[in-house]
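Here is a short report on one protein chain. Look at the fold as a whole before turning to its parts.

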Amino acid sequence: RLESPARSPSRDGWSRWVLSAGGSMAGCPNPDEEPGGAIEWMTKELGFDREILYRLFEMFRQGAERPRLVGRDRFIQLVQASPRLQTALLMTPLISSTRVIQPMNWGDFLWYLSQVDAISISWSDILATACCCRTVSLGLATGQRHPSQMSPRISVAESRAWLDEYRRRAEAQTPTRVSSPSSPSRNA
C-alpha cells in the first residue's frame, strides 16, 4: 500500500523552516519555482556548500518521477550510487560557520533525509531537511534528541512542530528548555 506524500514545506510554511535555521527570508526564492536562486540564497545566507547543493539538485532532476517530485529512496540511492558525490558528502561539512556546536557533514544530512516520513519529496523538502540539520548543527534544536536516540522514522509534521517551537522561543528570547513532543520532560 502506498502512502500519500507528505506536504511540502514550500506549500506548508517553507519560510518557517528557513527562519528556524537562523536566516532571514528576505530575497529567498521558492525552491520549487527557482531552484538555482534558492541554492544561491542558501549558500550566501545560511552557509551551505554551493557545489554540493547543485550536485544534489542534479541528482534530484535525474530521479524525478513527476514534475517537482522524486521518490525519497530513489533519490538517496542515486546519490549513493555516485562514488565521487558520496565521497564529497562524507568529507564536506554541512555548513561553513564558526558557530557550529555539533559538526555535521552532508552524509548526516542523507541520514536525516532517509528519516523523512514521505515516499516522494520535492526539492524544497530536501532543502528543508538541510535547514533542519543546520539547526541541529548550530545547537538551536536543544530539545531535539541526537539522531541515534530517534525512532526509525520521524514524521515531517513532528519535525515542523519542533522547529516552529524553536522559532517561537528564539523570537521571544526566553531561556527555557523545550523538550520534544515525543520525549518526556526531564522535570516531569
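The model is predicted. How many of the 9 residues of H6 are buried? The count is 7, so helix H6 (residues 106–114) is largely enclosed by the rest of the structure. The buried ones are Trp 106, Gly 107, Phe 109, Leu 110, Tyr 112, Leu 113 and Ser 114.

## The whole chain

Now step back. The protein chain has 8 helices and 3 strands. Read from the N terminus, the elements follow the order α-α-α-β-β-α-α-α-β-α-α. The chain holds 188 residues, and 49% of them count as buried. Its accessible surface is about 9700 Å², with 50% belonging to carbon and sulfur atoms. Take the contacts between residues at least 6 apart in sequence: 65% of these join residues at least 24 apart.

The 3 strands form an open sheet in the order S1-S2-S3, with antiparallel pairing. Strand S1 (64–66) and S3 are the edge strands, and each pairs on one side only. Strands of a sheet pair through backbone hydrogen bonds. S1 and strand S2 (residues 69–71) are joined over 2 bridges. Ala 64 has Val 70 in S2 as its bridge partner. Helix H4 packs on this sheet and touches S1, S2 and S3. The direction of H4 makes about 75° with that of S2.

Leu 78 lies in helix H4. Leaving aside residues up to four places away in sequence, Leu 78 touches Met 59, Gln 62 and Gly 63. Leu 78 and Gln 62 are 16 residues apart along the chain, yet 8.3 Å separates their C-alpha atoms.

## A buried loop residue

Asp 32 sits in the loop between helix H1 (14–20) and helix H2 (35–46). Is Asp 32 buried or exposed? Its relative accessibility is 13%, and buried means under 20%, so Asp 32 counts as buried. The side chain of Asp 32 reaches the backbone nitrogen of Trp 123 at 3.4 Å.

| Side chain | Backbone nitrogen | Distance |
|---|---|---|
| Asp 32 | Trp 123 | 3.4 Å |

Conventions:
Residues numbered from 1 in each chain as written. Predicted model: local features only at pLDDT ≥ 70, side-chain atom pairs only at ≥ 80, totals over all residues. Heavy atoms only, no water. Buried < 20%, exposed > 50% of the residue type's maximum accessible area, 1.4 Å probe, protein only. Helix = DSSP H or I, 4+ residues; strand = E, 2+ residues; numbered from the N terminus. Polar contact = N/O pair within 3.5 Å; in protein donor to acceptor, adjacent residues only side chain to side chain. Contact = heavy atoms within 4.5 Å. Areas by Shrake-Rupley, 256 points an atom, 1.4 Å probe, with all protein chains shown as cover. Pairing = 2+ DSSP bridges. Axes fitted to C-alpha atoms, helices over the stretch in contact; angles between N-to-C directions.
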